[in-house]
There are 2 protein chains.
Amino acid sequence: MDNTVRVSVVKLTEDSTTTLTQTVPDMLAVEEPLEIRLAHGDRIKNLAVTMRTPGHDADLALGFLFTEGIIVGAADIAAVAPIFVACSENRQNTILVTLKEGIVPNLGNADRNFYTTSSCGVCGKASIDAIRTVRNFVSGGPVQEIDPSFILGLPTRLAREQEVFAETGGLHAAALFDINGSLLLVREDVGRHNAVDKLIGAAMMQGRLPLADSVLLLSGRASFELVQKAAMAGIPVIAAVGAPSSLAVTLAEEFGTTLIGFLRNNRFNIYTGSHRVTMPVRENVEHENTYQG
Amino acid sequence: MDNTVRVSVVKLTEDSTTTLTQTVPDMLAVEEPLEIRLAHGDRIKNLAVTMRTPGHDADLALGFLFTEGIIVGAADIAAVAPIFVACSENRQNTILVTLKEGIVPNLGNADRNFYTTSSCGVCGKASIDAIRTVRNFVSGGPVQEIDPSFILGLPTRLAREQEVFAETGGLHAAALFDINGSLLLVREDVGRHNAVDKLIGAAMMQGRLPLADSVLLLSGRASFELVQKAAMAGIPVIAAVGAPSSLAVTLAEEFGTTLIGFLRNNRFNIYTGSHRVTMPVRENVEHENTYQG
């Protein structure tokens with residue numbers, strides 16, 4: 001596996017009586033740039049460079065193109081392949097996606113220009129309006145009610161799969177479950193957006209889009225960007241181990257996504273779309289102690 | 001404070017006998033786009049849009065321009081001010097940085113093109129070489145030896161300052177300490193790169209660059225990008241609560257930065273530059289149990 005690398009570290013530990021140092025081996029998550037190039041007609045465009053963990057590079061490139069609205073689906077793709085560029089480091093860090101003849105990519109989105117074309121300046125609302133115009137599926141589809149126990153069990157199931165994180169502590173994970181409880185896909189990366197792009201790219205090439213009956217589990221926080229990517233793939237339920245941001249909640253609400261946060265220690269918070277979760281005992285209590293950690 | 005927003009959530013808790021739901025108030029970290037515009041000569045360029053937590057926007061814009069190598073210091077700046085763009089949301093999400101007459105920004109770096117201009121393709125080594133060419137200070141300066149107890153105490157000191165994280169669980173923090181133990185600056189953001197840009201921008205405008213006698217504390221993981229930003233500001237010591245990536249370690253080694261990771265529970269790992277940390281009892285033990293969590 002080239003997604004971890006072994007190094008030697010000085011480990012320092014302090015207890016009540018002594019401070020101890022040891023030289024020990026340690027594993028790091030690999031971070032390397034990936035350049036994504038897009039070929040269409042007789043043109044090749046250098047589209048983006050992202051810092052990623054090597055592995056599933058084709059999934060990453062295709063997921064990026066899809067979730068950014070540059071392509072509309074697997075049918076646009078003629079080929080995807082790494083390009084070997086002679087390099088003293090001998091790494092394969094360039095990937096070329098070739099579109100089918102006649103397919104014109106929506107490159108206006110490549111620079112996220114859509115944030116800035118609104119006549120009323122940039123704001124969360126303009127960002128959401130812009131996504132609406134380039135959406136592919138945008139979630140919202142009905143899904144059967146989900147049992148809370150199923151949701152509460154997801155982090156444990158992810159932990160079993162997420163080997164590199166356990167080794168390095170350095171990777172974000174995204175996992176896709178169907179609502180019958182099957183784990184469909186797991187992808188990891190130093191960048192959480194890359195983990196989601198890898199996952200959605202893989203799902204797209206497996207013909208799974210839109211992901212109308214699925215739950216996306218995120219190992220960390222839920223940002224606007226991650227909710228956007230999930231919405232583009234038609235994912236109706238997102239469960240994050242960490243906190244959501246304000247704009248992630250606003251976007252989820254706009255698009256009818258169920259957004260769950262702080263999923264840990266046998267608890268979670270439902271920020272939007274609570275109708276998709278089966279409610280057991282219910283107490284309507286308003287209290288002021290809001291710390292959810 | 002407009003960096004948090006209050007929402008209502010359904011909180012679900014499961015114990016051995018019952019599952020309970022309550023509707024409770026919760027605080028979210030605000031995430032909104034910020035558009036950074038740069039005026040020089042008779043031109044205005046829309047440089048970037050970043051998703052950030054409002055607050056310290058001028059620090060963020062200036063730190064971004066500096067750590068990306070677009071400007072070389074505070075002396076380049078004539079003015080920085082938010083622009084009011086009429087908007088139904090009434091948000092101030094655009095900021096204009098005006099350079100002094102005659103100052104030409106290094107805009108070749110704005111698109112991170114420097115990753116892709118190397119004749120040998122993109123790779124970690126090319127990324128590092130590119131940073132070397134645009135460096136401002138690039139750390140490495142000698143700093144007196146630091147006592148491990150000082151380092152071990154940093155997270156507690158940050159926690160005292162980091163109010164929003166405690167409320168929302170949703171913000172990354174960056175803090176700057178001098179080596180005599182004084183806390184110089186703290187900045188928070190939904191994006192960890194933004195937290196570091198805010199901090200370095202503020203330090204620049206206070207005339208503190210290069211930050212030769214300081215320690216940068218990061219509340220999360222240490223990526224290549226964060227080590228790069230710190231190196232540009234001349235910071236010799238980085239201590240991260242989370243894991244570093246492989247390329248973060250390589251970059252720190254190249255530039256002589258001391259890089260500490262997994263700083264928690266009275267322990268830390270020194271990945272590079274251990275000569276800056278006072279070594280107490282030392283045992284050279286090589287063992288295979290490498291999990292540092």
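Q: Which residues does T53(A) touch, leaving out those up to four places away in sequence?
A: This is a predicted model. In it, T53(A) touches N3(A), V30(A), L171(A), D189(A), V190(A) and K198(A).

Q: Where in chain A does T53(A) lie?
A: T53(A) is in the loop between β4 (43-52) and α1 (57-67) of chain A.

Q: Is T53(A) buried or exposed?
A: Buried means under 20% relative accessible area. T53(A) has 1%, so T53(A) is buried.

Q: What lies 3.0 Å from a polar atom of the T53(A) side chain?
A: The backbone nitrogen of V190(A) does.

Q: How do I read the packing of α1(A) against α6(A)?
A: Two packed helices are described by the angle between their axes and the distance between the axes. Here the axes of α1(A) and α6(A) (residues 192-205) come within 7 Å and cross at roughly 90 degrees. That makes α1(A) roughly perpendicular to α6(A). By class, their contact has 8 nonpolar, 4 polar and 3 charged residues. Among them are L60(A) and F64(A) from α1(A), and K198(A) and I200(A) from α6(A).

Q: In what order do the 4 strands of the open sheet in chain B stand?
A: The order is β4-β3-β6-β5, with mixed pairing. β4 (43-52) and β5 (77-83) of chain B stand at the edges. Each has a single partner strand, so one side of each is left without a neighbour in the sheet. The twist averages 20 degrees from one strand to the next.

Q: How many bridges join β3(B) to β4(B)?
A: There are 9, and the two strands run antiparallel. For one residue, I36(B), the bridge partner in β4(B) is A48(B).

How values were computed
Residues numbered from 1 in each chain as written. Chains lettered and ligands numbered in written order. Predicted model: local features only at pLDDT ≥ 70, side-chain atom pairs only at ≥ 80, totals over all residues. Heavy atoms only, no water. Pairing = 2+ DSSP bridges. Axes fitted to C-alpha atoms, helices over the stretch in contact; angles between N-to-C directions. Buried < 20%, exposed > 50% of the residue type's maximum accessible area, 1.4 Å probe, protein only. Polar contact = N/O pair within 3.5 Å; in protein donor to acceptor, adjacent residues only side chain to side chain. Contact = heavy atoms within 4.5 Å. Parallel < 35°, antiparallel > 145°, perpendicular 65-115°, else oblique. Nonpolar A, V, L, I, M, F, W, Y, C, P; charged D, E, K, R; others polar.
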